Amino acid sequence: MVQDNRTGSVQAESGLEKVMLGDITVSYRRIGSGQPVVFVHGLAEDGSSWDTILRRLAPDLTGYAPDLRGHGGTTAGKGDGTAAQLADDLGAFLAEVTGPAVCVGFSLGGVIVLEAALRHPALVRKAIVVGTSSKVGRAAASFFQDRIAQVQTDMDAFRQGLAADTAAQVVRDKGRVAGIATRRIAAVGNGAGYMNAARAMIAMAAEPMTDRLRDITVPVHIIQGAADAFCPQKAADILREAMPAAGYAEIPDAGHLIAVDQPDLLALEIAKAIKI
């Protein structure tokens, strides 16, 4: 391992870097040169889910893709099941590793980025959210509760369910579903981080963040997949109504996993939002 004196991070043999932030050791990818942009993944994923996008954007920016608490190579620590803690984890990463940066978040990652924009506005230069909702309905909350119960009692059933979820979130590139499901299952590991993040999502059923979005002071850009059944157009409409100054782009023929279905178009829209 090699110490990076600029950030205090450690270069791991795998090519990932690691940094101690509070009660967790965060594993992250770094690629490219230029202005820092932090990419925050969704539930049951890790930073590698951004690889196809980072490869397209890296010549013009330095992309950082951390693994969330309890996902991938990041330790779980003492998770409290709140979006606020996950946003503070992001704030600590920005403060320690990158400095103020544009933040791009997918799904749960979008929730985290918006929450970080509220809690750490000096560190989030712009929030770009992809396939993101500011509230969780009762059916979705029940879904997450069922998944948590599976993690606790039957990991085989959980893995099968996650594979089925993955297939349903891809509408265009079905040939890659099996490999992506395998990667996502590996990112979940023992499930501690998944349960923590799922509880944060469940909490949004009782306390949506919609009413607080008007307090965001940094620029926001919203990207929506036209065929996203997991985070449908209604979710994007709610975000736009709460933040009328936000930019907006819709990507055609894309399900929830937009980076799988339409990586070129997603990279293009992110680049336009960053203005590179």
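Before going on, a word on the model: it's predicted, so local features need pLDDT of at least 70 and side-chain atom pairs count only at pLDDT 80 or more, while totals for chains, interfaces and linings use all residues. Residues are numbered from 1 along each chain as its sequence is written, and side-chain values use heavy atoms, with hydrogens and water left out.

The labels come from DSSP runs, numbered from the N terminus: helices are H or I with at least four residues, strands are E with at least two.

So, back to E5. E5 and E7 run parallel and are joined by four bridges; strands pair if DSSP finds at least two bridges between them. Which residue of E6 does Val37 stand opposite? That's Gly63. E6 covers residues 61-66, runs parallel to E5, and is joined to E5 by four bridges too.

Most residues other than glycine have a negative phi. Ala44, though, has a positive phi near 65°. Ala44 sits in the loop between E5 (35-40) and H1 (51-57). Is Ala44 buried or exposed? Buried, at a relative accessible area of 1%; the cut-offs are under 20% for buried, over 50% for exposed and partly exposed in between, with a 1.4 Å probe and protein chains only.

Ser107 isn't a glycine either, and its phi is positive, about 55°. You'll find Ser107 in the loop between E7 (101-106) and helix H3 (108-119). Ser107 counts as buried because its relative accessibility is 18%.

Last stop, two helices. H2 (residues 83-98) and H7 (residues 192-206) have axes that come within 8 Å and cross at roughly 120°. Axes here are lines fitted to C-alpha atoms over the stretch in contact, with angles from 0 to 180 degrees between N-to-C directions. H2 and H7 are therefore oblique to each other: under 35 degrees is roughly parallel, over 145 roughly antiparallel, 65 to 115 roughly perpendicular, and the rest oblique.

Who meets whom? Ala83, Gln85 and Leu86 in H2 meet Asn196, Ala197 and Ala200 in H7, where contact means heavy atoms within 4.5 Å. And Gln85 is buried, at 13% relative accessibility.
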